[in-house]
Number of protein chains: 2
Amino acid sequence: MRIELLCTGDEILTGKTVNTNYSHMARRLGEAGLTVSWGTTVGDNRDQLLSAFHQASGRADAVIVNGGLGPTVDDLSQEVAAVAAGVELELNEGWLERIQHYYTRRGRLMPPTNQKQAMLPQGAVVIDNPVGTACGFYMTINGACFFFTPGVPREMKRMIDEQVIPKLLEMCGSKVLTRLKRFHTFGIGESRADLILAGIEDIGPGGSVKLGFQSHYPQLETKLAVQATSVEDLRRKLAPVEDAVRQRLGNFIIAEDDQTLEGRVLDALRKARGTLSTIEMFTGGSITARLLHAESGGDIVKLGVASRDLTQLVDAAGPGTQYTGTGVSCATAVALANSLRGRTGSTHALVVMVSLDADRETESGGDIHIGMANGAASIARHARMLGSRTWIRLGAIEMGLDCLRRQLYGLPVEQRIDFEVH
Amino acid sequence: MRIELLCTGDEILTGKTVNTNYSHMARRLGEAGLTVSWGTTVGDNRDQLLSAFHQASGRADAVIVNGGLGPTVDDLSQEVAAVAAGVELELNEGWLERIQHYYTRRGRLMPPTNQKQAMLPQGAVVIDNPVGTACGFYMTINGACFFFTPGVPREMKRMIDEQVIPKLLEMCGSKVLTRLKRFHTFGIGESRADLILAGIEDIGPGGSVKLGFQSHYPQLETKLAVQATSVEDLRRKLAPVEDAVRQRLGNFIIAEDDQTLEGRVLDALRKARGTLSTIEMFTGGSITARLLHAESGGDIVKLGVASRDLTQLVDAAGPGTQYTGTGVSCATAVALANSLRGRTGSTHALVVMVSLDADRETESGGDIHIGMANGAASIARHARMLGSRTWIRLGAIEMGLDCLRRQLYGLPVEQRIDFEVH
């Protein structure tokens, strides 16, 4: 079934409001196994709405219209729906009573303008709105089924989940299950991942699994979308492809599905009854912030220190720091990690430092020096990156967390990533 | 001029990614006096793209296509643009060199798949992309001018501002000057700002200045959009309204235009030849991160410390801390600020601590305790807020920076904000 989402309203069209209603509706439909094939945005304008209704009815079996059901003059959905279907508007007595009741319960009189919300095109079927005065409805326009939903998010959300999706599933009489399996990696660019995973879709029976990528530096998301007729069928189709992806991306997989890199680091520390302290130079305390903002991070992170001033960091790491005056280096990072661990009583310490090239150009380079200590071992990792200061900073934050993940999960800390240069 | 925005990509179509690119583009165009009349969203699908290109060319004079310029197989914009215009794809040697150079500088070989990014429809004119390998371009399809822009936000943003908008303004031959004056406030909600600024548009000659708001908690942006025929005309129209806004929003204005709150704090510290150290409990080091990531923040911030563990914070603040064992309170925050200042040799110290209500419900409350020291004075500020943990955290981060701004600029630190409760 081809489904179109048609969002209306000047606020959305002009970008004043970010269209989160669209993404919510599309995601919920997708999770129910329904596929959105087209999205349209128009303003509060009769001609555009009418044109959009006609075009949507020509290319979709079902159209979900969002917005334009309110009481004010710029709410045009019912009026234009009637024109598009060639019918009149008529008062829905039942809904008028609902609105009046809504106001009576709040000890107020219904403003006369609200009667407009009970005017529906002839032949329209009411979709209940338990949390507001806008009346949802559905009707046929040029052979396509149009669902009209309110623009107020909480009203729209309930209507989509409780009424629109069940009706759509009933319409297509399908029992299709869908699943989106996601892998998050750090260290592989999108084009190399594409090469590494070439032909992976062929492993799934009958091309039933579709591969996709989403790059949000410094992470890359690799996605497997699969449709099936039963849970067993889903498992059978997905499992071989999933295993192959896991094998090919290997150590670069930092998390899967809803997991996060910082969440996996905290998981491993929790299991080991460990605690962590950090020192950050140039990453501004962002590693600590990621960990502290995560679930129960506050119980595991003992102390986070950030500064660009090495003297301050040496002082903060504690009196025992065996700092040999070599400036920012891996040796210094390891020395700081060891003394910080002792001072704070943490089982683990992570130190991330960056020295930028002296020229300070917009597009420049920098050296990342990472030091880790866990009592049993001291580990260092160096990497050189090119790019803007922000690019290098984001890379250093992710690399610091990733080195810790690798150490905690017994993986090699030293494994070349795509973002570093020799 | 009728402008259509055509967003492509399965992530956008399926709602996995919220379409902030759309709202950014539409808003920027609106601020330049250009009006978006239609929005379309389609997936990575040849037939749909072609159909969308044809329809858009029929109803718009200019179409901005976003996404689909990447190196992978699901990036289809150039290919479909060529089909829609009835021309061939040809290699753009200049852009190929750009991509190769991009990789060479990073000590890597260009993956062969990236050559695809230099294949442009015949007759297309390159739009420069100074920050990525995707090549923007514009060309005519069925009489409409199509601009192709990358889906990566930072690449799209520069291209829209620096190239697409000037070209569109040139196309409509308008010599209209536009200006968007922006005020950033902390502590005023949108509905109260609307009341405070009621009637402000009438101050501008002939209603030439338009007022708008954009709320991104905890900040509110108040915008004055003005169109004029000359610089002098612009100044004449804007100045009286600008002055009135500045007077009415008063101390709540934390920054104007491209300034940031952290930038203004650093400005004041720099002028006073001051330095700063911070301690954060519950805000996870985010205040330090904001300051350290800002221009020259690294020279002014001596040390930032974050932890949820009061013992660690007392230890980090230095041996002289006069901590009286009262737990998290304003008195403790001030004591920590004073000893941290001494220990680090900073001229200023800021301590922000939050104690959450014990029940830890999703929708709960918390107390924000702020302490500041500058040698001459110790200042405390307490505020109680209701809301989710994230809501309180974001409020505490902003309030900490804002208290410091108020102290540094000689404004009252104690001034009730809309987000706090008694």
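Where in helix 6 of chain A is the kink centred? In this predicted model, the kink is centred on I160(A) and amounts to about 45°. Helix 6 of chain A covers residues 153-172. Its buried residues are M156(A), M159(A), I160(A), V164(A), I165(A) and L168(A). An α-helix has 3.6 residues a turn, so residues three or four places apart point the same way. The buried residues of helix 6 of chain A pack against one helix and several strands of chain A, namely helix 2 (20-31), strand 3 (62-66), strand 6 (125-127), strand 7 (136-141) and strand 8 (144-149). G173(A) follows the helix, and its phi is positive, near 50°.

Attention turns to the two chains together. In chain A, 53 residues are in contact with 53 residues of chain B. Several elements of chain A each supply at least two residues to the side that touches chain B, including strand 2 (36-42), helix 7 (190-196), strand 10 (209-216) and helix 12 (310-317). Helix 2 of chain A gives the most, with eight residues. By type, the residues on this side of chain A divide into 19 nonpolar, 26 polar and eight charged. Strand pairing also links the chains. Strand 14 of chain A runs antiparallel to strand 14 (residues 301-306) of chain B, and three bridges join them. Here G304(A) has A306(B) as its bridge partner.

Within chain B, strand 15 (residues 348-356) is largely enclosed by the rest of the structure, because seven of its nine residues are buried. Strand 15 of chain B pairs with strand 13 (residues 276-281) of chain B in the parallel sense, over six bridges. In this pairing, V351(B) stands opposite I279(B). Strand 15 of chain B also pairs with strand 16 (residues 364-373) of chain B, in the antiparallel sense and over eight bridges. There, L356(B) has G366(B) as its bridge partner.

In soluble globular proteins, nonpolar side chains tend to be buried together. The largest nonpolar core holds 133 residues. A337(A), V351(A), A337(B) and V351(B) touch the most other members. Helix 14 (residues 389-408) of chain B provides the largest share of this core, nine residues. Another core, of 100 residues, lies apart from it, with F53(A), A62(A), L6(B) and C7(B) among its members. Beyond its neighbours within four places in sequence, A337(B) is in contact with A349(B), L350(B), V351(B), G371(B), M372(B), A373(B) and S378(B).

Methods: Residues are numbered from 1 along each chain as its sequence is written. Chains are lettered from A and ligands numbered from 1 in the order in which they are written. This is a predicted model: local features need pLDDT of at least 70, side-chain atom pairs count only at pLDDT 80 or more; totals for chains, interfaces and linings use all residues. The bend at a residue is the angle between axes fitted to the seven residues ending there and the seven starting there. Helices (H or I, at least four residues) and strands (E, at least two) are DSSP runs, numbered from the N terminus. A residue is buried if 20 or more other C-beta atoms lie within 10 Å of its own, exposed if 12 or fewer, and partly exposed in between; C-beta atoms are placed from the backbone. Two residues are in contact if their C-beta atoms, placed from the backbone, lie within 7 Å. Ala, Val, Leu, Ile, Met, Phe, Trp, Tyr, Cys and Pro count as nonpolar, Asp, Glu, Lys and Arg as charged, and the others, Gly among them, as polar. Two strands pair if DSSP finds at least two bridges between them. A nonpolar core is a set of buried Ala, Val, Leu, Ile, Met, Phe, Trp, Tyr and Cys residues joined through C-beta atoms within 7 Å.
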